Amino acid sequence: GGMSPGDACSEEYNGTSWAATSALASTTYITGGGIGTVNAGMTSAGGWGSTQTLLYNGNTWSTGVSRITNTIWSAQTGTQNSALVFGGRETCSCTQYFNGTSWSVGGALISGRCQIGGSGLANSALASGTTNTEEYNGSSWSLGGTLSSNTSGHTMAAGTQTDTIIYAGYNNKRMSHYDGNSWSAGGLNITDRCRSAGTGISSAA
């Protein structure tokens with residue numbers, strides 16, 4: 001995917017190099033990275049006027065059932081059969097849950113916002129990137145540790161609810177680590193970037 005009007009490019013990484021795979025089922029503008037694994041992936045973080053869900057089986061992309069609400073610049077995390085999409089432009093507090101077949105409404109974020117990072121699983125997720133960190137237990141959000149300074153939007157995140165890193169953002173290289181209680185400063189990215197993607201665990205992202 002990519003910026004509006006988007007493209008259908010899809011690539012896989014084998015630990016050493018990238019290779020082109022089958023085209024996306026739609027050229028919609030997708031933000032927020034992806035969900036799942038290389039053999040069971042998906043993305044549904046919103047495009048301009050789009051509620052599409054795209055599913056990947058390791059070989060081809062297909063179109064899944066549409067999300068309930070269009071929420072561009074949302075965060076997403078989880079697996080193909082248990083995924084969350086939350087937040088969105090400009091101050092959306094909605095959370096949507098995907099069970100592999102259909103979407104349902106989850107608990108609302110305490111503070112609606114967009115361009116945040118999403119990490120963890122659907123029943124133990126983390127919303128981060130602004131000073132307010134929120135933790136999700138599968139039904140409701142609660143406040144977590146306070147981030148000393150926000151990442152200026154378009155944050156990337158990787159890890160679990162109790163072991164997450166966030167990095168980059170708009171015009172910065174900062175990285176921070178969350179241990180389930182508090183944030184600490186990490187290293188710097190080599191290149192500053194935004195509207196990118198994050199995946200993996202905090203020690204191998």
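**Salt bridge.** I call it a salt bridge when a side-chain nitrogen of Lys or Arg is within 4 Å of a carboxyl oxygen of Asp or Glu. I am working on a predicted model, where local features need pLDDT of at least 70, side-chain atom pairs count only at pLDDT 80 or more, and totals for chains, interfaces and linings use all residues. Residues are numbered from 1 along each chain as its sequence is written, and side-chain values use heavy atoms, with hydrogens and water left out.

How many salt bridges does a search of the whole structure find? I got 1. Glu 134 pairs with Arg 113, and their closest N and O atoms are 3.0 Å apart. The two sit in distant parts of the chain, 21 residues apart: Glu 134 belongs to strand β13 (residues 134-136), Arg 113 to the loop between β10 (103-105) and β11 (117-121). For element names I use DSSP runs numbered from the N terminus, with helices (H or I) of at least four residues and strands (E) of at least two.

My cut-offs are under 20% relative accessible area for buried, over 50% for exposed and partly exposed in between, with a 1.4 Å probe and protein chains only.

**Whole chain.** I counted 0 helices and 18 strands in the protein chain. Of its 205 residues, 44% count as buried. I then took contacts (heavy atoms within 4.5 Å). Among those between residues at least 6 apart in sequence, 43% join residues at least 24 apart.

**Aromatic pairs.** I pair rings of Phe, Tyr and Trp (its six-membered ring) if their centres lie within 6.5 Å; planes under 30 degrees apart are stacked, over 60 edge-to-face, and the rest tilted. The search of the whole structure gave me 5 such pairs. Phe 98 and Trp 103 have ring centres 4.9 Å apart and planes at 35°, so I logged the pair as tilted. Phe 98 and Trp 103 are both buried. For Tyr 178 and Trp 183 the centres are 4.8 Å apart and the planes again at 35°, so this pair is tilted too. Tyr 178 is buried, as is Trp 183. I also found Phe 86, Tyr 136 and Trp 141 linked by ring pairs into a cluster.

**Cores.** A nonpolar core here is a set of buried Ala, Val, Leu, Ile, Met, Phe, Trp, Tyr and Cys residues joined through side-chain atoms within 4.5 Å. The largest has 10 residues, including Leu 84, Phe 86, Leu 109, Tyr 136 and Trp 141. The elements giving two or more residues to this core are β8 (82-86) and β12 (124-128). A second, separate core has 7 residues, among them Met 42, Ala 83, Val 85 and Trp 103.

What does Leu 109 touch beyond its neighbours within four places in sequence? My list includes Phe 86, Cys 92, Ala 127, Glu 134 and Trp 141.

**β7 and β8.** Strand β7 (residues 75-79) is mostly covered, with 4 of its 5 residues buried. I see β7 and β8 paired in the antiparallel sense over 5 bridges; pairing takes at least two DSSP bridges. A hairpin through 2 residues joins β7 to β8, and Thr 77 stands opposite Leu 84 of β8.

Gly 100, in the loop between β9 (95-98) and β10, touches Gln 80 and Asn 81, leaving out residues up to four places away in sequence. Gly 100 counts as partly exposed because its relative accessibility is 26%.

**Cysteines.** With a disulfide set as two cysteine sulfur atoms within 2.5 Å, I counted 0. Cys 114 is buried, at 15% relative accessibility.

**Positive phi.** Most residues other than glycine have a negative phi, so I looked for exceptions. Trp 73 has a positive phi of about 65°; Trp 73 is in the loop between β6 (61-64) and β7 and is buried at 12% relative accessibility. Gln 115 has a positive phi near 60°; Gln 115 lies in the loop between β10 and β11 and is buried at 19%.
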